[in-house]
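Subject: Structure handover

Hi,

Here is the structure you asked about. Please open it first, then read my notes below.

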Amino acid sequence: METCPQCAAGLVAPGGGPPWCPACEWNLGAYDERRVPELGWRGLDRRAHRLAYRLTTGPSRAGGHARWLLLGASVFLLAAIAGMVGLGAWIVYTTWLSFATVFGVLLLLLGYVLRPRLGRLDRDADRLEPASAPAFFALLRRVAEATGAPMPDVVMVDSRLNASASAVGLRRTKVLTVGLPLWAVLAPQERVALLGHELGHFVNGDVRRGPLTGVATRTLGELSLMLRPGAPSGGSLLMMAADVLARAVLRVAHTVTVAARVLLVWLSMRESQRAEYLADDLAARAAGTEAAASLLDLLARSETLGMYVRRDARAGLSPAAARASVAALRVADPVVRQRSIREEVSMFASHPPSGLRARRIARLSPAAPAVLLTDADDTAIDAELDRRYASARREIAIGG
Ligand SMILES: [Zn+2]
Ligand SMILES: [Zn+2]
């Protein structure tokens, strides 16, 4: 077995990739060449990963300036787009039906492509109403009270292995989305922890979700996805030449938006990580430290969890049986936590790695839960969601 050059402990490499030292974490931040590149260029990707690892695991400095820089950058971006539209309209108006009008129209088109994205409610999403899910909403109110969070305006459920909190539209409607496949396998106190974390995002001044900065980061995010060059297409020589040219233009546009996004993300990273840790603290306050940590240990194995959940969905297991089947995945393991740190570190990750978060919560002084979800209430919630569980199971069973 290879040993660590720093402390002579045996190296580990579960799942392959460059080995690291479980004792002193030497080489844990090494770039795994099997990663799917996020920036399109391997070299850039390696650099971004190194930066993200340092920002994620390094000591947290007070980032007061970052907040203002981020706000400034967001205002600049939105003002530049508004200016582009204004200039385009002015050119079209003053040069109507001359050659120069084309430039005005182009500017207007570009402004349209770059228009700020406020986000909106998903019309197809399944909304949960207090009338049909009284036990769920009673729990939500108790968690909101314990964490000092406002109630969300809209609660939705979907079939992802995730949960999220966001603000959408001009009025910044607070939306809580709970992925049923995840919810189904959580133990009662882990459910409290999940709600505590998500509601926690409505409490703290979360910069990436703030009105101005949220719109700027969302706009750039959607834009870089839209501009991502696709696979080359075949066809005639002329088509292929046009394809190559279009892809080159797209690639440049994509790189520019990605670079702008990296800049915003970089400016906001410390702040948004602090927001995540605050949300974790609120989760621990509501659910107790033990359940908050076990939820994160479960998420640190999200790949295996996903496999189990799909398998159990195909077998049509009830939430209780599915919950029992993933029991072994919530056991705390330092190497699993480290592996999640290596795999989840990214400039574009919405959260710090689950393993890092689990470790942080586990190191807090143990605290009892403020909200206790009894087995009876937990069963009542499952009964309310029963029909929706079934359709979520069908969806992930076909989704493969
Ligand atoms: Zn070592
Ligand atoms: Zn979060």
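How many salt bridges does the structure hold? It holds 15. A salt bridge here is a side-chain nitrogen of Lys or Arg within 4 Å of a carboxyl oxygen of Asp or Glu.

Some ground rules. This is a predicted model, where local features need pLDDT of at least 70, side-chain atom pairs count only at pLDDT 80 or more, and totals for chains, interfaces and linings use all residues. Residues are numbered from 1 along each chain as its sequence is written, chains are lettered from A and ligands numbered from 1 in written order, and side-chain values use heavy atoms, with hydrogens and water left out.

**Salt bridges**

Arg191 pairs with Asp382, with the closest N and O atoms 3.0 Å apart. This pair links distant parts of the chain: Arg191 sits in helix α6 (residues 188-200) and Asp382 in helix α14 (residues 375-399), 191 residues apart. Helices are DSSP runs of H or I with at least four residues, strands are runs of E with at least two, and both are numbered from the N terminus. Arg191 and Asp382 are both buried. Buried means under 20% relative accessible area, exposed means over 50%, and partly exposed is in between (1.4 Å probe, protein chains only).

Asp281 and Arg360 also meet in a salt bridge (2.8 Å, N to O). Asp281 lies in helix α8 (residues 237-287) and Arg360 in helix α13 (residues 354-363), so this pair ties together parts 79 residues apart in sequence. Asp281 is partly exposed at 29%. Arg360 is partly exposed at 24%.

**Zinc sites**

Donors are N, O and S atoms within 2.8 Å of the metal (3.2 Å for Na, K and Ca); water is not among the atoms, so sites may look incomplete.

The zinc ion (ligand 1) has Cys4, Cys7, Cys21 and Cys24 as protein donors, each through SG, at 2.2 to 2.3 Å. Its four donor atoms make angles of 102 to 119 degrees, and the site is tetrahedral. Four donors count as tetrahedral if all angles lie between 85 and 135 degrees; four count as square planar and six as octahedral if opposite donors are over 155 degrees apart and all others between 65 and 115; anything else is irregular.

The zinc ion (ligand 2) is coordinated by His197 (NE2), His201 (NE2), Glu276 (OE) and His351 (NE2), at 2.0 to 2.1 Å. Why is the arrangement irregular? Because the angles run from 88 to 145 degrees. His197 and His201 are both buried.

Best wishes
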